[in-house]
Amino acid sequence: MIPVTGVYVLNGPNLNLLGTRRPEVYGTMTLPDVEELCREEATRLGLDLIFHQSNHEGRLIDWIHEAGARVKAGEVIGAVFNPGAYTHTSIALHDAIEGTELPVVEVHISNVHRRESFRHHSYISPVARGTIVGLGTDGYRLAIDALHRMSLT
Ligand code: CA2
């Protein structure tokens, strides 16, 4: 029997507003649309999708701990993570990823390097396996694919 394996997709603050305004920066897809595209990609790869969004740092940390424990149990391959503005502020999220050794691919819908200088630094990138920036919501699909490829090596 083939074991069931999952992938987490975690979204930070204000990403529930996707598709409601600022289409020139974030595109027109809503967060439910992003969940649907992630589910399609996960299903194509034979993975279960665990998709969450929270505006609360502690909730995101709890999911990172949960995902890290499930990677160690062989139940999931890692997490795609768009930490929103916590990218630029959160040592706690950095420590959670480092402490759990959770394989993370960091995703940003917009090209943060073409935006305000305060968006240029990420506390997440040093503890991520890789980062996808500025490719729109397609970045989520690419990140799931990248985690899947990493899990095969
Ligand atoms: O580009 C990204 O994915 C970001 O992680 C999005 C964050 C931003 O703080 C990061 O610097 C880059 C913001 C998410 C808020 O999304 C909104 C969507 C529609 C309207 C307002 C906010």
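1. What is the volume of the largest pocket? In this predicted model, the largest pocket has a volume of about 380 Å³. Rolling a probe the size of a water molecule over the atoms shows where empty space is left.

2. The lining of this largest pocket comprises 19 residues. Those lying nearest its centre are Pro13, Asn14, Leu15, Tyr26 and Arg115. Sorted by class, the lining residues are eight nonpolar, seven polar and four charged.

3. Arg115, one of the residues nearest the pocket centre, belongs to the loop that runs between β4 (104-108) and β5 (130-133). Is Arg115 buried or exposed? Its relative accessible area is 18%, and because the cut-off for burial is under 20%, Arg115 counts as buried.

4. When neighbours within four places in sequence are set aside, the residues in contact with Arg115 are Arg22, Val25, Tyr26, Ser110 and His120.

5. Attention may now turn to strand β1, which spans residues 5-11. This strand is mostly covered, with seven of its seven residues buried. In a regular strand the side chains alternate between the two faces of the sheet. For β1, Thr5, Val7, Val9 and Asn11 point one way, while Gly6, Tyr8 and Leu10 point the other way. The residues of both sets are buried.

6. Which strands pair with β1, and in what sense? Strand β2 (residues 47-53) pairs with β1 in the parallel sense, over seven bridges; within this pairing, Gly6 stands opposite Asp48. Strand β3 (residues 76-82) also runs parallel to β1 and is joined to it by five bridges. Here Asn11 has Asn82 of β3 as its bridge partner.

7. Phe51 is a residue of strand β2. Its relative accessibility is 12%, and Phe51 therefore counts as buried, the limit being under 20%. Not counting residues up to four places away in sequence, Phe51 touches Val9, Asn11, Leu31, Val34, Glu35 and Cys38. Of these, Val9 and Asn11 point one way from β1, together with Thr5 and Val7.

How values were computed: Residues are numbered from 1 along each chain as its sequence is written. This is a predicted model: local features need pLDDT of at least 70, side-chain atom pairs count only at pLDDT 80 or more; totals for chains, interfaces and linings use all residues. Side-chain values use heavy atoms; hydrogens and water are left out. On a 1 Å grid over the protein atoms alone, a cavity is a set of points where a 1.4 Å probe fits but cannot get out, and a pocket is an open set with protein on both sides within 12 Å along at least five of seven lines; lining residues have an atom within 4 Å of a point. Grid points are joined across faces, edges and corners, and a volume is the space filled by probe spheres set on the points. Ala, Val, Leu, Ile, Met, Phe, Trp, Tyr, Cys and Pro count as nonpolar, Asp, Glu, Lys and Arg as charged, and the others, Gly among them, as polar. Helices (H or I, at least four residues) and strands (E, at least two) are DSSP runs, numbered from the N terminus. Buried means under 20% relative accessible area, exposed over 50%, partly exposed in between (1.4 Å probe, protein chains only). Contact means heavy atoms within 4.5 Å. Two strands pair if DSSP finds at least two bridges between them.
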